[in-house]
Structures are given as C-alpha cells and as structure tokens.
Amino acid sequence: MGDLTEPTRPFPPGAYPVVVIGSGPGGLQISYSLRRLGIRHAVISEDPAPGGMFRRWPFFQRLLSWTKPHAPAPRGSRAYERYDWNSLLADEPEARAIQPELMDGSSYFPSRPEMEANLTRFVERTGLEVRFGCRWTGTSQVEDAEGSGFIVNTTDGDYRANALVVAVGVAQPFSPPGIGMEYTHHYADVRPAESYAGRRVLMLGKQNSGFELANGLLQWARQIILTSPSSARFSVQTRSLAGVRARYVQPYEDYVLGGGVAILDAALARIERTEGGDGSLTVHLRRTDGGGDLAIEVDDVIAATGFVTPLLDLPSIGCSVSGRARLPLVTPWWESTTLPGVYFAGTIGQAAKGLEKHGVPANSGAVHGGRYNARALAGRIASTQFGVELPRPPIALEELVDTIATELAEAPELWHQRAYLARVFTIDPVAGLVDDGVEPLTHTLAVGGDDAIAVTLEADGTGAIYPVLYTRIGGEIVERNLEADPLLRYAGPEARRAISQIVREVVPGVAIEA
Amino acid sequence: MGTMIDRDELLDAIAGFGLFADLSAPQLEGIIHVFDERMFADGETVVHQGLSGSGFFIIVDGEALVLVDGAERARLARGDFFGEVSILLGVPSIADVVAARQMRCLVLAGPRVEPFLVGNPKVMFRMLQAQARRLRTANRWGT
C-alpha cells in the first residue's frame, strides 16, 4: 500500500516517539544520535535536500569555521575533531571527518558548496532519512491514551510526538521597524556583488554579516559605510567568537588607513528618498559617540540586522522566547522551560547560555559546538523520556588521573564548548567511581548529589585557555583552576600532578603524582 | 539589541533606574547597546557562590534572591544590580543569586565593566553611592 507516486519518502504522517524538525547540521546530528540510542523518530524538513542554511549562505560562499586537512591528530580520530569544525559526529569510521575529504586546498575555510556536500555525504554514509518537502505549519499540545504530547501539523498531514526537537536554525531574516526601512533590503536579499559596482552602499549592522558584505563588496562598491549604535567588536579583541571574525576585518583596516570605508557609531533616525536624487537615498543618523547628527546620501541600504528564530506558533502555546533573536527560554539541556517536551538543537541551542564566564560565550551557535550539544541532548531525551539507561562505565582509581589528563589534552567537547560542557566522574555509592560522560556544566553545578569531579577547559578573555576542575564534596562545589600552558599541553607531568592533588580530595585512594 | 519597539520599552524602563539617573536620552541609547539582554527562568541560578568570571547584572524586570551558603540574605528587584563586587575585586562571587521568578536583566561581561565605568563616570558615581548606602546599612546592623 502507500502512495505509489512517492514510494521512497520516509516518515509518513502518524505517531512517532520523537519528531525532529529541520535537516541542517543540528537536525542531522540529533537524528543520528537518537538513532544510535535506539529512539525511533521522524525527521521532517521543508527543504528539498540536507544542508539547512548552508544550502544558501554565507552570501560570499565561504564559511567562517575552519577544517584543517593536516592537523596534529590523525584524521578520523576523536582528537581530530578539535581541528575540524565542520564534520558531523559519527561512530562509523567512514562517516567521520568527512569535511576534509571534500576540500580543494585553497583555504582552510571550506566553501559553502563543500560544506553542503559534507552534510549530504554524511546523510548518504550514515543512511539517515529525512522527509523532505514537508513543511511544519502548526503545533498543539495533546493529552490522549499515549500520554501528553504534541500534534505537529505539516503540509503532508499531522504527526503526533511525545517529544519534539526543533532544529530550524535562527534563520528568519529580521529587519527592525523604522522610518524608511522599506527602502532597505536585508542580507538575505542581497543582489549579486557585481550589481553594486560603482554604488554607495550603507550597511545597517556591524556584526559578522555586515562586515562579510562590506568585505565582499570592497572591490565593487564606490563607497561603503557601516553603522550601528555600538562600536564594532572583533574576535581577536574579545578572544572568543563574540565579535567580527578575523576573515572580515579588511573593511576596518581600509577605514583606519583612510581608504574610504566609513565605520560609524550611530543609530538610524530615518531613511528617505533624496529629492532630485535619481533614486538615491538619504540616511539620517544620530551618533551615539557624542558627535552631531549625520545625513548621508547613498544608493543602497542593506539591513545586516540579523535573523530571528522561526518558532511558528510555539510561543502562542506557551514557549517563552526572549531577546532580539527570539530565542526560546531553555534549561541547560536545551528543553523549553515553559513548554516541557519541546527541545532545541542546532543553532537554536545557543539559547542555553551556560556560565559565559568572563563574557566568553559557548560555541553552540556554530556546528563545532552544536554537534556536541545535540549528542548530549539525544542522551537526555533517551534517558528522561524513554527510560533508556545510559552507560556509566566504571573507572579504575589508578586510571582516573590518566583519563582526566587525556580528556584535557584531546576531548573535542571540552575544547569547543569551554566552561559549557564538562566530563563528569562520580563516586556512585553502589557502583563506585563511574564515568558519567559529557554534561552541560550548569546542570552539573545545579543538580547536587554524590561526590564528583567535573572536568572542563575555560578561557578568561586574556587569550589563555586552561583546565578547570569542579569538585563536589558533600554537596559543596569548589572551582579549581589549573595554570595555563602557553602551548596548551595538559597531559604532561605538571598538569598531572595538579590533577592528582585535586582528584585525591574527592577520591582519597588516588596517589599524588610526583 | 532588541527590536525598535523592545528597545524603546527598555529605554523607558532603564531611564528610571538610579544607576542611570544622570544620563541624557542619547547617552542612554548608547549605553543600552553596550549591554546584552538575558532572560532567566524562575529558579535559575544567575551567579554561583564561589565561582569566578561572572558578569554585572541589572534587573529590568523580575526578582532575585541573594543566598549565602543557601540562606536568604536579600531580595533584589527591578532597578537593582549585582555582580559588581566580585568583578571590582577580582574574586569569586560571594553569594548565589537566583531568579525568584522569570527575570529579565541587562548584562555586562566582567572584562567590559572597567572600561564601561571609566567611560561613564556618572554611572560609576551612582554605583559608588549605592555601595556607600549598602556599607552604611551594614555598619548600622553591625552596631
């Protein structure tokens, strides 16, 4: 039986334990990880093929996230993931480290088509299935014989799910309201670069998207102006992914060397057609740096004002959202705090901020952070929603220092999600010392319980990256920072000695290393 | 930060805060973009006692409890701020701060606090005044 015209489309409407919405990196990673845990689920996507936002963006067709084809760790190893920000996670050797196979050597930033091919190949090699061309149109809560759950309306029909994973990206273009904003076009609607040849272009926004466009238009536009109320911040200054990435700093150099680019700290007052201006626009700005008002005549105004989260009707059924990006309010495990059973994967995972120690954000908004969040989330859904018992392998006392030192040297989860994901070792009263795997650090800090050690790497905004061990003894948490090594060597004798001293406080049987 | 509607609403809200009492509207508009906005769920720990690296927070909406070793020491509300002591002294936080209901805050990361205060001396003065009041209250209790 079935629809003979579409014999190969998987996941027809019906009841599933979990429904995943989205086929970008977040949707694919959570689907893969749920499958590994034996959790049956449907994946639906309005797109015709995998890739999510990478099917279209970045506009200038090259990513901001690198993959090093030649790295200090062997390709395909766990340690290699630290150097490969773009491949998804898999256990099968043929599905690991796919991105470097597809790069042509011209840059360590993959091109957009190379990234899209990486995601497509991941789907092929893992045999993941997605019901493409199936658009999510609405959601409601349901109480029925199956318990509480959700009805997901789509263009193909209705799905019922106990849990919902939303991985639709922070992908809906956003332009703030304002006088004359109808004369602007959004980043998402930028024309081919050559169409800006000889034109005066003003960019509203001084984050990565604004600087990316300015950078790509340097050889086309006659004049480029970037403006927003606060001053530009650069990743090399914040020493984190907060701020404009080094790739796009060229317009700033042009500005400070007097090349003609202007970078202003000013808020938009209004935009109007220039009188007798042959289609040009006059942009009125209020400077926020103490200077006077400005009126600037330009040919194009581009709103590089970001994107919001397309959560459809979820807010109306109780999912609280906040901030400019309309991100959901979530637990450390990426579950809506106000609509339990709805989880978020992919870029939306940045909604769970974690500690943001010293102002350094996690990398959840990028693939290299989000992929670990998704894997941890799959475990959380499996254990809390479906009673799957996650492995807690025992660790021999004499191996604990070694294990921790190796994690600090190699664990990609800790390197990419600093002060955000932690490897946790617990003294279970029955099983003894066990490995609880990777957890959100804020969860570990909040949950209490048996004596434990949570191992992380952290950064303080000075450029240093150093190990931090959190001990929980009798419920009390103590933060213990290890000294930063300029070459980031955390498996050597000094680090091991420091680790053994800390560990011994929690697990007295451990010998202090000389 | 914020859509224009949210931003106007936020501007109205913070214009009434003691910390910003001396600032003109354009100065306030400039300041608002320096801060991040964060929403905390009811019961969420915003600042952890004993941990380093926290930020400076101003409550825009909602309430928080200040807990030392689990015991309630104070209740903070709209317009109150916290987190500055550990940043100014470069020491771990001396208390937990926990959202008592859904709470909206402006946040400034620790490393950005000094340049912000030096660049906005009127805000620094108001913060000093608030600290002086807290000290006076503490001294009065102590006698």
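Two strands pair if DSSP finds at least two bridges between them. Helices (H or I, at least four residues) and strands (E, at least two) are DSSP runs, numbered from the N terminus.

This is a predicted model: local features need pLDDT of at least 70, side-chain atom pairs count only at pLDDT 80 or more, and totals for chains, interfaces and linings use all residues. Residues are numbered from 1 along each chain as its sequence is written, while chains are lettered from A and ligands numbered from 1 in the order in which they are written.

**Stop 1: the sheet in chain B**

Select β2, β7, β4 and β5 of chain B. In that order they form an open sheet of four strands, with antiparallel pairing. Colour β2 (45–47) and β5 (71–76) of chain B: these are the edge strands, and each pairs on one side only. From one strand to the next, the twist averages 35 degrees. For that angle, axes are lines fitted to C-alpha atoms, and angles run from 0 to 180 degrees between N-to-C directions.

Now zoom in on β4 (residues 64–68) and β7 (residues 96–99) of chain B. They run antiparallel and are joined by four bridges. Pick L65(B); V98(B) in β7(B) stands opposite.

Next, go to D69(B), in the loop between β4 and β5 of chain B. Its phi is near 50 degrees, a positive value in a residue other than glycine. Most residues other than glycine have a negative phi. Is D69(B) buried or exposed? D69(B) is exposed, with 10 other C-beta atoms within 10 Å. The scale is this: buried means 20 or more other C-beta atoms within 10 Å of the residue's own, exposed means 12 or fewer, and partly exposed lies in between, with C-beta atoms placed from the backbone.

**Stop 2: where the chains meet**

Show both chains. 25 residues of chain B are in contact with 25 residues of chain A (C-beta atoms, placed from the backbone, within 7 Å). On the chain B side, the elements that give two or more residues are α1 (4–15), α2 (25–32), β1 (36–40) and α4 (110–119). Colour that side by class: ten residues are nonpolar, eleven polar and four charged. Here Ala, Val, Leu, Ile, Met, Phe, Trp, Tyr, Cys and Pro count as nonpolar, Asp, Glu, Lys and Arg as charged, and the others, Gly among them, as polar.

**Stop 3: chain A as a whole**

Chain A has ten helices and 22 strands. Its C-alpha trace spans about 85 × 65 × 45 Å along the principal axes. Of the 514 residues in chain A, 46% are buried.

Colour by domain: domain 1 (15–171 + 309–385), domain 2 (181–305) and domain 3 (391–506). These bounds come from an automatic or database domain assignment. The centres of domains 1 and 3 of chain A, taken over C-alpha atoms, are separated by 27 Å. Their contact takes 19 residues from domain 1 and 20 residues from domain 3. The domain 1 side divides into nine nonpolar, six polar and four charged residues.

**Stop 4: one loop in chain A**

Select the loop between β2 (41–44) and α2 (112–126) of chain A, where P58(A) is found. A cis peptide bond joins W57(A) and P58(A), with omega about 5 degrees. Most peptide bonds are trans.

Stay in the loop between β2 and α2 of chain A for A97(A). Phi of A97(A) is near 50 degrees, again positive in a residue other than glycine. A97(A) counts as buried, with 25 C-beta neighbours inside 10 Å.

How values were computed:
Contact = placed C-beta atoms within 7 Å.
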